[in-house]
Every structure is written in C-alpha cells, then in structure tokens.
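Below are my notes, in numbered points, to read alongside the model.

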Amino acid sequence: MIKNFFEVHHECKNSLARTGVIHLPHGDVQTPVFMPVGTKGTVKAVDKDSLEEMGFEIILANTYHMYLRPGADIVQEGGGLHGFTKWNRNFLTDSGGFQVWSLSKLRKIDPNGITFRSDIDGSKHYFTPENVVQTQTKLNSDIQMQLDVCTGYDVKRKEAEKALQITTDWANRAVAEWKKQQENGYKGVLFPIVQGNFFDDLRKESAQFVSELDTPGLAIGGLSVGEPADVFAEKLQYTVQYITRSKPRYVMGIGTPEYIFEAVADGIDMFDCVQPTRIARHGMYFTRKGMVSIKQKRYEHDFTPVDPECNCKVCRTYSRAYLRHIFREQEILSSMLASYHNLYFLNDMIHQIRDAINQDRFEEFRREFLDRFHSGEV
Ligand SMILES: [Zn+2]
C-alpha cells in the first residue's frame, strides 16, 4: 500500500462527511472533489488553461474512447495523457466497462473478458481485466479503474449475481496486473469497483470484498444508472456502511448539486459527471437560485449576469441577454461560456462544502444551499 496516499483532514461531527487530501503522481487533490469529464481527452468546450484557472486538480478521460481513437499507443507516444493533452495535473480513467455496456453495439461477456463492437465503425474488440490495466498504464493514468460488468436498474437477481461474480474475479486479476505494472515503474494507482446491482446482500458482499483488496482507494459502481433519486440515496447509504473509511471512496457518474450533497453526506470523497458541461451546451446554467434556461424570452432585455452571486469571468463580463443571443445563434462561444460557468459553479460549491465540513455545519449548509437552489426565484 502507498504510504499516506489519503489523509483525512476533518470528519464532520454531525454527518459522515469529511475533508481530506489524496496524494497523486501529478499533485495533491483536495476532497471532496468534483472531477470534470474529458471523455476524449478534452473537457468539451473548455481548454486546459481554463480548468487550471478554476483550480481543478483532477479530470477524467474515458479509456473506451481513447483506446478506439486515437489509440493508446499514440497517446503513449505523445507522452501519455498528460503529454498528449498538456493537462499536467491528474487524470482518472475509467475502465471502459460502462461505455461497452451503454454505447457499443454488441456486448458478449465470457469469464475471461468482453467482446464488443466499436460504436464508431463497428470493428470488433476484446477487453480483459489485464489488457484494460495495460491500456490505462499506456495512457499513464493517475487513477485507473478495474474492468467491471455493469448492469441496469431493472435486471433480475440471477443476472446481477453473475455480473458480480465476474466483476469480483476481474478485480483480483486487475490488481495482479496493476502490481506487475508497478514493478515496471508505473506510478498510478488502481481502484476496484463495488457492484451488486440493487440487491442489498450482493452490494454488502461486494463492498466488504473490495474494501479488503490491497488497493489505496475504491469506487462504488452500479448506481446512477436510471434509478429514482431516493433509491440512489438508500442504496448508497446502505453500501457505505460496509466500506472501509480508511480509503478514498469514489461514486461514479453524479454531478448535480442534489446528488453531490447526498454523496458527501454519505462520506463519499470523489465524483464525476458529464452533466454540467452537457447541459451547458443546451443553454442550461446552474445558479445559486436554481437552473436558468437561457433561451427563454424573459431574458431578452435582461442585462444582468446569469448568476449575480458568481465570481466567474462569464458572470463578471456578460449579460443574460447576450448569453441568450449567442445561444440562439448557436455560436460556439455559447457552449464555451456556459461550460466554464457550470464547472466554476460546482467547484465553488465544493469549496463551500469543504468549509462547512471543517466547521461541522455540513447538514446546515446543505439545507441552506438546496433551499435556495430550489427556490425558483430565477
Ligand atoms: Zn459564473
């Protein structure tokens, strides 16, 4: 185990929320942390200088996409993800298991690996726990994920059991391969993934197994796959009871204020989502008083900032009327400005969350923030 990989700074007295720091090869990451998603090696419509300016310390890239195009060998030739993209802070890469499940045209799982067809050109590929670790090592990811078998919200118990059994076996194989890569000088770490679908006993079994693996952190998967918000909260709360508090815990695929507050309340340290930048491209802005859909006619003559309480360069510079205009004209700048603001908003929210945890007033802050966010006053 890596010494001092994760340090808890403060545990909130009135909830499971905590602040801490993760020491990674490309710098420290303060937690809780929201990680913007750079699917294809770029956070859509946001350049790396802007991400640095906002203070992000880690972003995501998707193994499935980078493996298909431009290919891990080209990324490696370019100096890994950092050299290739010039983002010199940390990268987390997922394993591709989720994309194979959600995007690819064919997914055939056998005990050894997954056969799938590319969603780009239909070409056939085979992922194994070992070759996915090798690919992420070529990408020089700072945190890589094990290959897992994802299942939807509505699957039968038998399918969930089988998926978990394979995921468990693949976790052991991924850890063995990661250790081999470490012996060869690879500095990044591997996180295994808790699965078990929505069955309590399976989730408990998986959480206990994953907690005991010799890895410095872990991820909670199988949630945020289309289930209602209360089911997400219930299953997350249930799962975390069986997970060690000594390691950073990552919940995949959440990025709205409500879900982030819930995850932090349950002691989650890391989360990511494409949602803040995706909705930005549809003209949706987060504000302290709720969501603004900038296309609305009511903003036509509104020369105030989209969020008067926001200190980002978009809010300090542009008006709602102008942002509405460039969105309606489908100007590229519209996606750039909205994405910048939404990421800034979430990052600022996370900073306030950390302060509230350190002052033992996380639940109070959660109520205050969400009451205003749901006030509908915008
Ligand atoms: Zn702003």
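1. A word on handedness to start: a crossing is left-handed if the near helix is turned anticlockwise from the far one by less than a right angle, and right-handed if clockwise. Helices here are DSSP runs (H or I, at least four residues), numbered from the N terminus. By that convention, helix 13 and helix 14 make a left-handed crossing.

2. Please keep in mind that this is a predicted model, where local features need pLDDT of at least 70 and side-chain atom pairs pLDDT 80 or more, while totals for chains, interfaces and linings use all residues. Residues are numbered from 1 along each chain as its sequence is written, and side-chain values use heavy atoms, with hydrogens and water left out.

3. Back to that pair: the axes of helix 13 (residues 320–328) and helix 14 (residues 332–358) cross at roughly 130° and come within 7 Å. Axes are lines fitted to C-alpha atoms over the stretch in contact, with angles from 0 to 180 degrees between N-to-C directions. Helix 13 is therefore oblique to helix 14 (under 35 degrees is roughly parallel, over 145 roughly antiparallel, 65 to 115 roughly perpendicular, the rest oblique). In contact (heavy atoms within 4.5 Å) are Y322, L323, I326 and F327 of helix 13 with L333, S334 and L337 of helix 14.

4. Helix 14 also holds S335. Is S335 buried or exposed? With a relative accessible area of 18%, S335 is buried (buried is under 20%, exposed over 50%, partly exposed in between, with a 1.4 Å probe and protein chains only). Leaving aside residues up to four places away in sequence, S335 touches A45 and R281.

5. The zinc ion is coordinated by C310 (SG), C312 (SG), C315 (SG) and H341 (ND1), at 2.1 to 2.3 Å. Donors are N, O and S atoms within 2.8 Å of the metal (3.2 Å for Na, K and Ca), and since water is not among the atoms, sites may look incomplete. Angles of 98 to 115° among the four donor atoms make this site tetrahedral, a label that asks for all angles between 85 and 135 degrees. Along the chain the donors follow C-x1-C-x2-C-x25-H, and both C312 and C315 are buried.

6. Do look at helix 6 (residues 129–138) and helix 7 (residues 157–183) too: their axes come within 8 Å and cross at roughly 40°. That makes helix 6 oblique to helix 7, and the crossing is right-handed.

Key
Four donors count as tetrahedral if all angles lie between 85 and 135 degrees; four count as square planar and six as octahedral if opposite donors are over 155 degrees apart and all others between 65 and 115; anything else is irregular. Helices (H or I, at least four residues) and strands (E, at least two) are DSSP runs, numbered from the N terminus.
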